[in-house]
Structures are given as C-alpha cells and as structure tokens.
Amino acid sequence: MNGRQIIAIICTASIFLISAGCNTPAVSDTEMLPPKSDQSTPTITPSDEQTKALGSVTPDDKTLIIYDDDGSRDGMAALLYLLSIPEISIEAVNISYGEAHPEQYIQLIGSALESVGVLDIPLGAGQDTPLAGGNPFPDWLRQLGENFWDYQLPMTNKVYPYQNAPELMISIINIQSEPVTIFLSGTFTNLAQALRIDPAIKENIAAVYFMGGAVYGPGNITNLIPESNNKVAEWNIIADPQAAKEVFEAGLNMYMIPLDATNQVIHTKEETLSWHEGDQKAIFAADLYDIMFDDYGLPTVEIFDQTAAVIMVQPDLCSFEFLSLDVITDDGDTLGQTIVVPNGEPNINVCLEPDVVAVKNHLDDIYSTNFEPQETPSIDPIVGAWSGLATNNDFQLHVSITINEACKIGEMCGRFDITNAACSGTFTWIGMDGDLYQFEAGDKTSGCGEGVDYLIPQEDGTIKYISRGDYGETEGILQRDP
C-alpha cells in the first residue's frame, strides 16, 4: 500500500502537538493526502470493444480505488480480496448508511484492518440516514453488524480516527493526478453527497463499479422482510434510492454487477477450505463465511460483493451490456427498482452473465496461494539519532528520533520526542512501502494522539519525516546527530 498516513501535529498554536495524532483536527482533508510518487494509474473502463484486466498492468502501476461499503459481511470479504491484489492501491475505506451504523462500524473496520497489518489507509464514515425516503435494513441485521457479524476481532482498545466520508472522497479524488476508480458495495449515499458538494470530481473518476440492483431477475427485499410486497428492488438501492438515482444520472462511467449476476456465484464450505492455506487476509475471509456455514447452518452462500470486486479486477470475466437504467424513487411496491428504460440513452454497463467458474477459480488462486516469505528489509539506513524541524500548519516542531540497531518488522525500534510539545513515546516498525519505513507510536504521553509515521532516507544522508492522523500532516527533514 502506498505510504500515506503519518503523525505529529498541533492541537492549537500554543498547545500540545502529537506524534501519533492530535485530539483536534488541524488541517483540511486535502492536506492530509500527500501526492504519490512515480505512479501511473490505468483506467478500468471495459466495454464490448475493449476490455482491460487489472492483472495486465505493469508491476509498478497501481490502480487507485476508493472502497465504499455499508458495513456488510460480504463487503468486508471484498475488501480483504482487494487488499490481496498487488496492482491495487486502496486510497480510502468508507462506510455509508445501510447495513451498519457508519460511525460505529468504522471502528470495527479499523480493528479489522490492523489485525491484517494495514494501518495506513484513511477511514471515512458517512451519515446514518438516506438522502431521502428509502427502506431501512431491519434492526436485527444492523445489530448483527455492530457485533461484526459474530466474528471475534482482537481487542485493541483503540479509537481509530476517521473523516467525513463524502469529504474524504472528494479530497482524494481531487488530489490525484490520475483518475480514481470507486467500488461501491453498499448504498450510494456517500458518492451522491460528494457529487452534490463538488460535481467536478466526476472529471477525475475513472469508473464506478457497484454491486446493486436487479435488472431482469427478482429483487431480494423479501429475503430479510418476507412480508414485503416489493419483489423487484435490491437492498443497496432501496435503502437510499434517491442517492442511487442521482449517481445513475451523473454521467459517470458506471459498471453494474446486479443480482442477476451475483446470484449465480454460490459458494459451499468445501470451496472456501483452500482459503485457509493463504495469508491472514485469506483466512479472515474464510472465517467470515465459516460462521455462516458452521454457526448458521447454511449449506451455501452468495458472495455478492466479492463477485463484484473480482469482476472489477478481472472485467473480462463478464460481458457487459450497455443499458438505459433508472431508479424508482416513488413510494410503493416498486420503490428502489432499477428499471430498464425502453429507447432511453444507455448510461450503465451491466454484467448479466458472469463466468462463474472463472470467478471462483480466481478467488481460489488469490486466497489459497502460499506466499513466499519476503526478504526482511534492513533498518540500517535509518539507525541512529536524528533531529530537526517539522512543520504542521505553519507551526514548527522540534523532532528527535532514535532508531536502534538489529530491529525487525513488528518490533519496538526506538523512541521519538517532540520537545516543544507534550508528546513522546516509542516507535514500532510496522512495515515498508518501497523506501518508506512505517512506524506506529506506543507508550505515548498525554499530548499524543493516533497516527502513523514514515521515515524516508534521502540521497544527501538526511531522512524525511512525515506524520499523519486525523489532525493533519506534519513534515520535515531530520539530520543525523553528531
């Protein structure tokens, strides 16, 4: 994952700052996102004439993805899958109104990501209501989401910083030099709001892939509400039909994976057994479905959102039809229906007949691969004592860092101190992204908040220090102490 979130910050011009986060945001969302270095991003826009699979890009390329879910079990599995694709860079993880309460569920997402070693992706939570009307998910389902679908997450006792999801989406889209692809596996609420706030962002959106709707087949409302008379809508659309309608009409390059397609991709427990042979992310995904097989007694499960994610990554696994679709927003038994408009101007590419066997085989290949252990990177380039000035929002900080010898990833490697703020603590080395050494702060003093730090060796013998959290970004150059 491309380096991004970092730490040390100012709560006010005269107060304390932090090297792992400040309790009060100090800068805008845009300022929190540094530009990526040397990154060329392919645009995923498959059609009948030209289809390009993500797997065909060169190793140095990354496709920028904003992941937006409504707090679902299958959405979490889709995120784990996307994190397993080397050609993808997840720029943000957003939770929208839908199956879960966004501000509560985003904390579970933070814990889930940390459990698989992912700490540098900005998090966003949207409002907990639709833009207008809609049909809310049953309370029992939303309560199940609050329990993270009966999956036991590690107890971190952390509060994960997050931003307003539509604003985070806007800031990421606007700062990137290459178009961003959006993956929606929940409601359209966050994206619709982002387009209301800044309609110009659509100029830097490569495509929107989404799981939602039903075109020619039945809906799925009665799966959760058996007494419902609505036989045509799908949950991601009916929960906020106004949001879906606005996005459908926004003129975006859209790719729909509806129930017509996802209902064909059914998994048994035997088909997910091999996932346990993979890495942490693969085992996590398998465990999410094992609960449904073992605890709920289900013989088969649909993998709605994972199917959509696979087709985004490998669009040649489905032939898309370019259709004219509208969303019914009037109350009644067809609320939320994604209806074909005869003789209308086509606006959405629709996947109706996925290659089911190929989708399953691709998931199996990704999840069950026994990854070769990576060579342990050396800490040598940044070993020693360093100090210098860093700046956050025009406020200068005196930063001192000491990195010990013979340290490995996952170990506590040294200490940091911001001498003109009430913030100091330990540094644990948590990962690499190219030449970027990524650290997590621990044993912090009261002036410190949450965040992630990067140290980047420079050709002139100095190191660049970057720190980010919900407080913004701190950046400076540190010299080796005599």
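**Helix H2 and its surroundings**

The buried residues of helix H2 pack against helix H1 (73-83), strand S4 (88-95), strand S5 (123-125), helix H3 (139-146) and helix H10 (280-295). The model is predicted.

Reader: How many of the 14 residues of H2 are buried?
Author: Buried means under 20% relative accessible area. Among the residues of H2 that are buried are Pro102, Tyr105 and Leu113. H2 is largely enclosed by the rest of the structure, because the buried count is ten of the 14 residues.

Reader: How far apart are the end C-alpha atoms of H2, and what span should its 14 residues have?
Author: Helix H2 covers residues 102-115. The rule is 1.5 Å a residue, so the 14 residues should span 20 Å. The end C-alpha atoms agree with that, at 20 Å apart.

Reader: Which residue just after H2 takes a positive phi?
Author: The phi in question is about 80°. It is found just after H2, at Gly117.

Reader: Is Phe416 buried or exposed?
Author: Phe416 sits in strand S18, residues 412-418. Its C-alpha atom is separated by 5.7 Å from that of Ser400, 16 residues apart along the chain. The cut-off for buried is under 20% relative accessible area. Phe416 has 3%, so this residue is buried.

Reader: What percentage of the 482 residues in the chain is buried?
Author: The chain has twelve helices and 23 strands. Its accessible surface comes to about 19100 Å², with 47% belonging to carbon and sulfur atoms. Of the 482 residues, the buried ones make up 59%.

How values were computed
Residues numbered from 1 in each chain as written. Predicted model: local features only at pLDDT ≥ 70, side-chain atom pairs only at ≥ 80, totals over all residues. Heavy atoms only, no water. Helix = DSSP H or I, 4+ residues; strand = E, 2+ residues; numbered from the N terminus. Buried < 20%, exposed > 50% of the residue type's maximum accessible area, 1.4 Å probe, protein only. Areas by Shrake-Rupley, 256 points an atom, 1.4 Å probe, with all protein chains shown as cover. Expected span 1.5 Å × (residues − 1). Contact = heavy atoms within 4.5 Å.
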